[in-house]
Amino acid sequence: MRRQLRSRRAPTLPHGYHYRLDDQDEVNQNYLADEEEEAEEEARMMGVPNLEKEEEEDLVEEEKEEKEVVQNEEEEGQGQPMGNTWWQKLQLINEYLWDPEQRRSLALTGQSCSLILILYFLFYASLAAVITICMYTLLLAISPYMPTFSERVKPPGIMIRPFAHSLNFNFNVSEPDTWQHYVISLNGFLQGYNDSLQEEMNVDCPPGQYFLQDGDEDEDKKACQFKRSFLKNCSGLEDPTFGYSTGRPCILLKMNRIVGFRPELGDPVKVSCKVQTGDENDIRSINYYPESASFDLRYYPYYGKLTHVNYTSPLVAMHFTDVVKNQAVPVQCQLKGKSIINDVINDRFVGRVIFTLNIET
Amino acid sequence: MKDIQNSRKEDGRETSSRGRKDTCWNRKKNHQKQETEEEPDLDDHKLSSEDLEKKYGTNIMMGLSSTRAAELLAHDGPNTLRPPKETPEIVKFLKQMVGGFLVLLWIIVITSWIIYGIEYSVDPSASQDDVYLGAAVGLVIILTGTFAYYQEAKSTNIIASFSKMIPQQALVIRDGEKKTIPSEQLVVGDIVEIKGGDQIPADLRLLSSQGCKVDNSSLTGESEPQSRSCDCTHDNPLETTNIVFYSAACLEGSATGMVINTGDRTVIGQIASLASGVGNEKTPIAIEIEHFVHIVAGVAVTIGFIFFIIAVSMKHPLLDSVIFFVGIMEANVPDCFQATVTMMLTLTAKRMAKKNCLVKNLEAMGTLGSTSIICSDKTGTLTQNRMSVAHLWFDNQIFVADTSEAHTKQTFDQSSGTWTSLAKIIALCNGAEFKPGQQSVPILKKTVMGDASDATLLKFSEVILGDVMEIRKRNRKVVEIPFNSTNKFQLSIHETDDPDDNRFLVVMKGAPERILEKCSTIMINGQEQPLDESSAEAFHTAYMELGGRGERVLGFCPLYLPAEEFPETYSFDIDAMNFPTSSLCFVGLLSLIDPPRSTVPDAITKCRSAGIKVIMVTGDHPITAKAIARSVGIISANSETADDTAKRLNIAVEQVNQRDANAAVVTGTELKRMSSEQLDEILANHSEIVFARMSPQQKLTIVEGCQRLGAVVAVTGDGVNDSPALKKADIGIAMGIAGSDAAKNAADMVLLDDNFASIVTGVEEGRLIFDNLKKSIAYTLTKNVALLCPFLVYFILGVPLPIGPISALLMDLSTDIIPSIALSYEKAESDIMDRKPRHKEDRLVDKALVIYSSLHIGPMQSLGAFAIYLTVYAQAGFKPSTLIGLREEWEDDDVNNLEDDYGQEWTRYQRQYLEWTGYTAYFVAIMVQQLANLIMRKTRRNSIFQQGLFRNKVIWVGLASPIGIALILSCGLGSLPALNFTMLRVHFWFMAVPFAILLWVYEEVRKLLIRLYPGGTYIIKTILFPKFPTCTLIMFSSFGHKLEDSSGNRDIIKNSYKKRKKIV
């Protein structure tokens, strides 16, 4: 840096003088370098460096020497016309990266380099150990069955099937290609609800009341059946196209699972859909399956993925039997019931869902 | 007529331009001898009046005609010095807006807006986060820029108020009439009359003179009045007596002269423009800050670019990669750095102003701290700038008088009869009088009419004897011969106050050898004794001794005239000298000196322990200079000059090895003969140097010599022609009281009390600010790593973003400014003035600092913050293992049933809200750890307990402010759109505390190791002062500067010369 400063001042000094000064400095530097080398040689003469301390000194010295070498480089750099500075710098870096004379890379010998690497490795390893221990204790402290805080995930959100990009159901009745993927999506989604499967895995529990299961947290919990056949016309059993082929589409609605969520007793969560904006009569009629248009209480509470393995989320199917065709109809389906919030401004999926039906004929 | 005028004009222009060219050329080869420097190319002094009339188209009797004058005025411009070019305010403002990091920040702003533009064109419902980010960063830029500009403008204003000039008037003859006009309307050829008390309004060639004397001190530095006549006495226009120069003061007499140069073409004007020509070098602190900016910007851009490339090659959408790039840049750039630095400097400047250092250039403060040589004036800076009685000699004995600023009592033995006699002479043989109406003013502060030594003696006797005027009244003065340079004595004849004694008393004082010649007896213990050989010997010894101390010695003698020969009615005639002036009775000697300021020796000692070399540069006689240097410690008690050695060993000076002498006294004439190498050698070889009989021009030579040795030079000055040296110096210090406006303009700092000790205070403050700046940078840098890591982890591991760009920005705002400023109030660690001056290679931001901050503390801090971040997610249902690779689903707006580890399903907004909680938690975690970091950074070597945990009261504010801001953000304000802060559960606020303690313990251990092994073992050096070996170094440090550690004191000057010596 001193060099740089001087060069900034350079215009005030005539060139001849500059050279002279630098030459002198260079002599000094060389002299110093010699001195260091001598010292180093002496150290070598002393004997085999079997003590770590000696090694250390050696290394420090080498580093000092390196600095002198670099200084020399710079002196030379100064002496030459300014146009070469970038080239000089490149050379300097090159030298720095690998110095063949001193057999050093990055200003260090392999030995000191490895020592430093080891020390840093140890340092970061211990940091890693610290965070591992932290996380380990954290996970120990957290119950695997019951989330510590669930206020962020409450109240429940809604999801609808079939999957449609941006929730625009846009299809032409007479062109199966435009709705075939909805059918496939629904079929896939309902595989888990097949009656046979449900009967095999889950229990048939009494409707209209919570399916409470006492016992330890870590005991496996039973799940209530939700059979595909509950969905009647929207089960895809009678009409494998879920009404899409006739322009009367079925849309399934599922409430997001939340551990420990219980709707109000005797007042199951209901689904109700209507036109969001525009003419109320654009929909005309909707059939809900199950006919109550509600999620039965027996599916609550949910005990969590770990123990409630076969839990089957209840569904409500909306069958839009007489929607106005050839026009986009925005539909809003809301959950109704106590402990349900459906008017969060920022979250358009909490307690409600808005989608568009545009059925062409 | 016109032709003549034209040729004159051309000639004049050519003259001036040539003059300037010459001086420029001289500046370029300023290592060479300087004596020819700044010699204006004038020959008017050699011309006769008739030739002058012809040349300037004027008439000596009638002057110029008004119309002609108006023409010339229009052509040449007003007779004022053109002020140095001012940068327009708007340019200054814009400079503040794009300086340093702000360029990077602007890039962030523009990129984020462009990104939004692209997103918007694709999808009009695109998230507006980028717009908000851009706006927020833009706001920060404008705020910090405005702030910095405001601070700078404020400090400039202080100075501006300093240099207000009072308009001057000049008496000029025009159209044959005498007129008074403002002196700026003078033109070449005007005939001007000057009289005592005037300031010379332009360069004048004198046409007639009546006892005119001028004080050229502002030009030549010599304060002796010089008489001026209309004869050409010297070829050199500066030496000849028939030219007087602009800005000089006419002390007495009157003269008529013709204006030969006006405004910038005057000799002073040329010097002033020369001063503005000496480029303002970047101050070390500016260089340091630039260096820091380069490092950080380099790191930011490099890392950003590397990850941008990785992102693109990993087939991330280009836009996302750009956003990512912006995020990394944003996290890396300390947004408020500029404001912080300016604020810190301003605060220090205020503190220094209280200690009588007015800092003009904020950054100059840091320079002061790295000062390694101070070239100081003597008069007024090291000394009190008033004569004072230092010693008395009577009864064959030397008595020491008290010379301190506040002396009220003299403690020497006053019982001897000789003293009574001496005191009477001192009181009577004195032409000075107090100005009336100063009863309430302390004696030493009273204004006196009369010559300097008389005034000193008057005050001296007033202190000792009481009312001198009363004594004089009782001893009525009959007749008086004032001091003149041929007689070299002053004499007065008085009636005595004894009514019985009607003899006349003749009292005499003057140059001791002249007084002794006139004496035949000497008074010892009140008794007159014949003046024999031995008493003459004693006199000479005393005289030599006092003279050798650089003091001005006066001898005193009385004589009672016999009443028979000189009755009361006798009329004395001073021209005929009808009274005896020999065979008097010698009483004693008294020596005067301008005594050093009492605070100076301490200050010099401090400088010495701080490794700062103090060089005295004075126009005074070498003996005086050396004496003062010795008494203040510039030449320490046990070191000697070559002359001293020669005297001690009784050998010739040439035989003494110059290098063995520690001290050196160099005179102006010697310096003239020296080559720059010889000067360098002197500067490097002697630790104690006094330059005496220097012309102010030579000051520049000395400054340049010091700078050639790589020293950071502070120079004091007051005269106009000190301004090039002040400008050239790394830090120019002008005198607030004695200084001229030009000097104050050229200087970086103004000493309000002209006291050298204030410089040392300044140095201390400068070092402190450098240290504290280092601390706050270390404090700031650490957090940058903790802000960078989230982006890297987010990108590499695909976790939800731990902290958003806007939160990161707010992090900067809330934890940077106030705590950093609190650090600037930190007291010095005990050893601040025992350290050697900072070497230029000892960077503000060196590798050790960067590596320690970003590879040790930074990762530890990120670790703590990540632990809290992971806890927030884990407690909500997302375990760390689940988070990895979750990003794409997490950020998918169409996924509103993302399952967590408990099987719960999250809508997009719920996840978003959780993410913001994560931001807040991460924010709070860093904030808490930064509090620990702040406490840690209070010291660099000492344990925090040694420093006193909270001796710095401002640190409380520094600690409280981030907490306050975090609380405000979390509990209310943060819920604003774009800010995205959420309420945080109480326990998250405390979770980072163990990590903060861990940090602090780590730091304490490091400090302990440093203290235990001050030189450092290899391990300590590698780990704690790492010379980091991998490629990071190339990123972290700018190319080409030396690769070495920053610890240890390297006195390059000394070393390089030692080596040179060895070679020789």
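User: What does the side chain of A:Tyr182 reach?
Analyst: Start with the polar contact: a pair of N or O atoms within 3.5 Å; within protein, one must be able to donate a hydrogen and the other to accept it, and residues adjacent in sequence count only if both atoms are side-chain atoms. In this case, the side chain of A:Tyr182 reaches the backbone oxygen of A:Asn168 at 3.4 Å. This is a predicted model, in which local features need pLDDT of at least 70, side-chain atom pairs count only at pLDDT 80 or more, and totals for chains, interfaces and linings use all residues. Residues are numbered from 1 along each chain as its sequence is written, chains are lettered from A and ligands numbered from 1 in the order written, and side-chain values use heavy atoms, without hydrogens and water.

User: Is A:Tyr182 buried or exposed?
Analyst: Relative accessible area decides: under 20% is buried, over 50% is exposed, and in between is partly exposed (1.4 Å probe, protein chains only). A:Tyr182 has a value of 4%, so A:Tyr182 is buried.

User: In which helix is A:Tyr182 found?
Analyst: Helices (H or I, at least four residues) and strands (E, at least two) are DSSP runs, numbered from the N terminus. A:Tyr182 belongs to helix 6 of chain A, residues 176-190.

User: With which residues is A:Tyr182 in contact, leaving aside its neighbours within four places in sequence?
Analyst: A contact means heavy atoms within 4.5 Å. Beyond those neighbours, A:Tyr182 touches A:Pro162, A:Phe163, A:Ala164, A:Asn168, A:Phe169, A:Asn170, A:Phe171 and A:Tyr244. Take A:Pro162: 20 residues separate it from A:Tyr182 along the chain, yet their C-alpha atoms are separated by 5.3 Å.

User: How many helices and strands has chain A?
Analyst: Chain A has 7 helices and 9 strands. Of its 361 residues, 47% count as buried. Now look at contacts in chain A with a separation of 6 or more: residues 24 or more positions apart account for 74% of them.

User: Which peptide bond is cis, with omega near -10°?
Analyst: The one from A:Tyr289 to A:Pro290. A:Pro290 is in the loop between strand 5 (286-289) and strand 6 (294-295) of chain A. A cis bond also joins A:Tyr300 and A:Pro301, with omega about -5°. A:Pro301 sits in the loop between strand 6 and strand 7 (315-320) of chain A.

User: On to chain B. What is phi of B:Asp754?
Analyst: Phi of B:Asp754 is near 60°, a positive value in a residue other than glycine. B:Asp754 lies in the loop between strand 27 (749-751) and helix 26 of chain B. At 5% relative accessible area, B:Asp754 is buried.
Analyst: B:Arg693 also has a positive phi without being glycine, near 50°. Its loop runs between strand 24 (688-692) and helix 23 (696-708) of chain B. B:Arg693 is partly exposed, at 46%.

User: In which helix does B:Ser758 lie?
Analyst: Helix 26 of chain B, residues 756-797. B:Ser758 is buried, with a relative accessible area of 4%. Leaving aside neighbours within four places in sequence, its contacts are B:Lys355, B:Asn356, B:Cys357, B:Leu751 and B:Asp753.

User: Why is helix 13 of chain B largely enclosed by the rest of the structure?
Analyst: Count its buried residues: 9 of the 12 in helix 13 of chain B are buried, so the helix is largely enclosed. Among them are B:Trp419, B:Leu422, B:Ile425, B:Ile426 and B:Leu428. The helix covers residues 417-428 and reaches 17 Å from its first C-alpha to its last.

User: Which residue caps the N-terminal end of helix 13 of chain B?
Analyst: B:Ser416 does. One of its side-chain oxygens lies 3.0 Å from the backbone nitrogen of B:Thr418. B:Thr418 is itself one of the buried residues of helix 13 of chain B.

User: How many aromatic pairs does a search of the whole structure find?
Analyst: Rings of Phe, Tyr and Trp (its six-membered ring) pair if their centres lie within 6.5 Å; planes under 30 degrees apart are stacked, over 60 edge-to-face, the rest tilted. Over all chains, the search finds 42 aromatic pairs. In one of them, B:Phe566 and B:Tyr570 have ring centres 4.8 Å apart and planes at 80°, so this pair is edge-to-face. B:Phe566 is buried at 5% relative accessibility, and B:Tyr570 is partly exposed at 25%.
Analyst: B:Phe572 and B:Phe579 also pair edge-to-face, at 5.7 Å centre to centre and 70° between the planes. Both B:Phe572 and B:Phe579 are buried.

User: Which residues form one aromatic cluster?
Analyst: B:Phe866, B:Tyr869, B:Tyr873, B:Phe878, B:Trp890, B:Trp906 and B:Tyr922.

Definitions and conventions:
The expected span of a helix is 1.5 Å times one less than its number of residues.
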